[in-house]
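The entries below follow the order in which I looked things up.

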Amino acid sequence: MDFKDYYAALGIDRQADEDAVRKAYRKLARKYHPDVSQEADAETRMRDINEAYDVLRDKDKRAAYDSLADQVARGAARSPGAGNPGSGGFAPPPGWDEGFEFHRAGPRGPADEAYFSDFFSSVFGAAERRGTARQNVRSRGEDQHAAIEIAVEDALAGGERELTLRALTTGPDGTPAWETRTLAVKIPPGVRPGQFIRLAGQGLPGHGGGPPGDLFLEVRIAPHARYRVEGRDIYMDLPVTPSEAALGAQIEVPTPGGARVEVTVPPNSRAGMKLRLKNRGFAGDPVGHLYLLLQIVLPPADSEAVRSAYRQLADAAASFDPRRHLKE
C-alpha cells in the first residue's frame, strides 16, 4: 500500500486555503466526472479527486493527514522490514491520530471505504467509525456538480430539458455501483455559459435526518452551425455578393431568438466588417448584441454571361490595385 499525496491529487500546495481546495476540486470534477469526461481513466481519477477532497476540506482530517505526512517524510510511517513509503511499504504508525477527532460529515454512500483506496480505509476508516459512534450528527448532504450542454436558442429563450446523470451508490451487497437517474431541468431564459442552474435537494442525502444537498449544473453552449457565443455577444457569418457589398443592400437574416430581421449592408462594405443588431445577445449589464460578420462570396465564373461581367468589371476598375501595399 502506498502513501497517497492528496495535495498532488488536487493540484494544489500544502498552503492552499479552503477556497483554493474547493475551486481545485470543482475544476477537476468538471473535467473528470463520468457524465461529461472523455478521459479513459475518468472514473479512477474521479475517485482519487473525491477522496482527496473528502480529507482536505475537513480541517480536522486535514490536520491529521498533515501530521501523518510529516511522519512519512521523517520515515516514521512504514511497516517493519518494508521498503520506503511510496514503494508499497507504508503503514500508519500506532497512535498516529492521537489528539485528533473527526467523523463523517454525512453519509457518502459509495464514497466510503468500499469506494476509496486502501490507504484511506487504513488511515481514516477506524477513526471515522469511532467518531461517528461518539456522536449522532445531523447535517445537510453535500452539494454535487455536473454540466449541462444546451443550444444557444434554449439559453436565450429558456425551456426544459431531460438530463441523465450517473452517480455512485452502494449496492445491496455493500459494493459501489453506478446508478443512472433522469432529471427534468428547467432552463431559465438568458442563462449564459459558465453560469450554474441549481436543483434544490438533488445532491447527496443528509445525515441524521438532515436535508439533502443541491445539484449545481454548469451551463455549456453546444457548438452551433450558425452562431458563436463570446461572453454576452453572439456572432454569425453573413455571406454577401460583391455587388451587395459594393452597392449596399437590404438583406433578411435569421436571429437566435427565432425572428427574421432585415438589415442594411452599407455601400462599400468590406469583408470582415461587423454589423451590430443591438440587444439581441444575452441579457446582463451590459446587454449583449448579435454581430454579423460580412463575408464576400464571389459568384463562380461558370457561364459566359458571368465571365463577361467580370471582364467588364476588370476594365471599369483597371486603376484599382488590391496589392498596392505589397509594393511599398
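**Entry 1: a charge and a ring**

I looked up Lys274 and found its charged end over the ring of Tyr291, 4.9 Å from the ring centre. I count a charge as sitting over a ring if NZ of Lys or CZ of Arg is within 6 Å of the ring centre and within 35 degrees of the ring normal.

I note here that this is a predicted model, in which local features need pLDDT of at least 70 and side-chain atom pairs count only at pLDDT 80 or more, while totals for chains, interfaces and linings use all residues. Residues are numbered from 1 along each chain as its sequence is written, and side-chain values use heavy atoms, with hydrogens and water left out.

**Entry 2: the whole chain**

I listed the secondary structure and got eight helices and eleven strands. Helices (H or I, at least four residues) and strands (E, at least two) are DSSP runs, numbered from the N terminus.

The chain has 328 residues, and 38% of them count as buried. Buried means under 20% relative accessible area, exposed means over 50%, and partly exposed is in between (1.4 Å probe, protein chains only).

I also looked up the accessible surface of the chain, which is about 18,400 Å², with 49% of it belonging to carbon and sulfur atoms. These areas come from the Shrake-Rupley method with a 1.4 Å probe, and for residues only the protein chains shown count as cover.

For contacts (heavy atoms within 4.5 Å), I took those between residues at least 6 apart in sequence; 59% of them join residues at least 24 apart.

**Entry 3: aromatic pairs**

How many aromatic pairs does the structure hold? I found seven. Rings of Phe, Tyr and Trp (its six-membered ring) pair if their centres lie within 6.5 Å; planes under 30 degrees apart count as stacked, over 60 as edge-to-face and the rest as tilted.

One of the pairs is Phe3 with Phe119, which is edge-to-face, at 5.2 Å centre to centre and 80° between the planes. This pair links distant parts of the chain, 116 residues apart: Phe3 is in the segment before helix H1 (6–10), and Phe119 is in helix H5 (residues 118–134). Phe119 has a relative accessible area of 1%, so I put it down as buried.

Tyr7 and Tyr65 make a tilted pair, with 6.1 Å centre to centre and 45° between the planes. This pair also links distant parts of the chain, with Tyr7 in H1 and Tyr65 in helix H4 (residues 59–73), 58 residues apart. Both Tyr7 and Tyr65 are buried.

**Entry 4: helices H3 and H4**

I followed H4 to its contact with helix H3 (residues 42–56); the two axes come within 6 Å and cross at roughly 100°. Axes are lines fitted to C-alpha atoms, for helices over the stretch in contact, and angles run from 0 to 180 degrees between N-to-C directions. H3 and H4 are therefore roughly perpendicular to each other. That term covers 65 to 115 degrees; angles under 35 count as roughly parallel, over 145 as roughly antiparallel and the rest as oblique. The contact is made by Asp54, Val55 and Leu56 of H3 and by Lys61, Arg62 and Tyr65 of H4.

Val72 is also in H4, and its relative accessible area of 14% makes it buried.

Thr44 is in H3 and is partly exposed, at 44% relative accessibility.

**Entry 5: Arg161**

Which strand holds Arg161? I found Arg161 in strand E2 (residues 159–170). Its relative accessible area is 27%, so Arg161 is partly exposed. Leaving out residues up to four places away in sequence, Arg161 touches Ile148, Glu149, Ile150, Leu183, Ala184, Val185 and Ile187.

**Entry 6: backbone in two loops**

Asn268 is in the loop between strand E9 (260–265) and E10. Asn268 is not a glycine, yet has a positive phi of about 60°. Asn268 is exposed, at 60% relative accessibility.

I looked next at the loop between strand E10 (274–277) and strand E11 (290–296), where Pro286 lies. The peptide bond from Asp285 to Pro286 is cis, with omega near 10°. Asn279 is in the loop between E10 and E11 too, and has a positive phi of about 60° without being a glycine. Asn279 is partly exposed, with a relative accessible area of 45%.
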